[in-house]
Amino acid sequence: RQLAPHVLRTRVFRIGARQCREVGALTRLPGQRSGFFFRLLLRGGIGVRVSVEENQVRVISVMHYTPAERMGLKGDDLLVQIDGETTHGMTLQIHRGRREREAQQQVVESLRGSVDSKVDVTVKRTDRADPFVVSITRAHVVPETVNYRREGDVGYFRIYSFNAETAVSLKRAVADAEQEI
């Protein structure tokens with residue numbers, strides 16, 4: 001049975017302290033005599049695909065209907081800092097023997113966090129002289145599986161993979177195409 005994100009986010013489990021450490025629960029709530037209630041906080045993200053290249057973290061694409069899109073991030077933006085930590089140090093690890101994929105994973109992990117928590121991202125954009133800071137509230141992000149582009153009067157739809165949201169995403173992309181064309 002699939003639960004809505006808001007239900008998952010507030011679900012409270014009654015388990016012991018040892019089990020709580022094993023599953024990584026972050027919040028302890030007072031419970032009854034025989035233990036504590038622990039809330040399991042979901043991991044959230046901002047909805048971007050990033051690439052680590054030439055000592056820079058570049059946004060490859062911004063997923064639709066995500067916190068990153070709502071806050072105005074764009075493809076080709078450079079992420080200079082994440083929560084005050086420079087990304088240059090993360091990308092330098094490529095040259096110290098770490099592979100690019102591992103450095104990219106470190107960047108992704110720093111963008112992820114508890115649902116409804118904030119992450120401050122310093123962005124450098126080609127059309128602006130100075131970097132600017134964007135505060136983004138993390139959310140449950142379902143990876144985008146459908147992509148749409150238009151060429152003239154023809155719409156092209158690409159399905160990358162299938163998940164529970166693919167049908168809804170395809171319907172939304174078709175509706176967008178109908179409005180555009």
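**Before you look: how to read the model.** Residues are numbered from 1 along each chain as its sequence is written, and side-chain values use heavy atoms, leaving out hydrogens and water. Because this is a predicted model, local features need pLDDT of at least 70 and side-chain atom pairs count only at pLDDT 80 or more, while totals for chains, interfaces and linings use all residues.

**View 1. Confidence along the protein.** The protein has an average pLDDT of 77, where pLDDT is the predictor's confidence in each residue, from 0 to 100. A score of at least 70 is reached by 70% of the residues. Over residues 1-41, pLDDT stays under 50. For that stretch the model has 55 contacts beyond four places in sequence, a contact being heavy atoms within 4.5 Å.

**View 2. Arg 125 meets Asp 77.** The structure holds seven salt bridges, each one a side-chain nitrogen of Lys or Arg within 4 Å of a carboxyl oxygen of Asp or Glu. Here, the side chains of Arg 125 and Asp 77 form one of them, at 2.8 Å from N to O. The pair links distant parts of the chain, 48 residues apart: Arg 125 sits in the loop between β10 (118-124) and β11 (132-137), and Asp 77 in the loop between α3 (67-70) and β7 (78-82). Helices (H or I, at least four residues) and strands (E, at least two) are DSSP runs, numbered from the N terminus. Buried means under 20% relative accessible area, exposed over 50%, and partly exposed in between (1.4 Å probe, protein chains only).

**View 3. Arg 138 and Asp 83.** In this salt bridge, the closest N and O atoms are 3.9 Å apart. Arg 138 lies in the loop between β11 and β12 (146-151) and Asp 83 in the loop between β7 and β8 (85-86), so the pair ties together parts 55 residues apart in sequence. Arg 138 is buried, at 7%, whereas Asp 83 is partly exposed, at 44%.

**View 4. Glu 180 and Arg 150.** This salt bridge has its closest N and O atoms 3.9 Å apart. Glu 180 belongs to helix α6 (residues 166-180) and Arg 150 to strand β12, so parts 30 residues apart in sequence are tied together. Glu 180 is partly exposed, at 44%, and Arg 150 is partly exposed, at 39%.

**View 5. A network to finish.** Glu 53, Arg 58 and Asp 76 are linked in a network of salt bridges.
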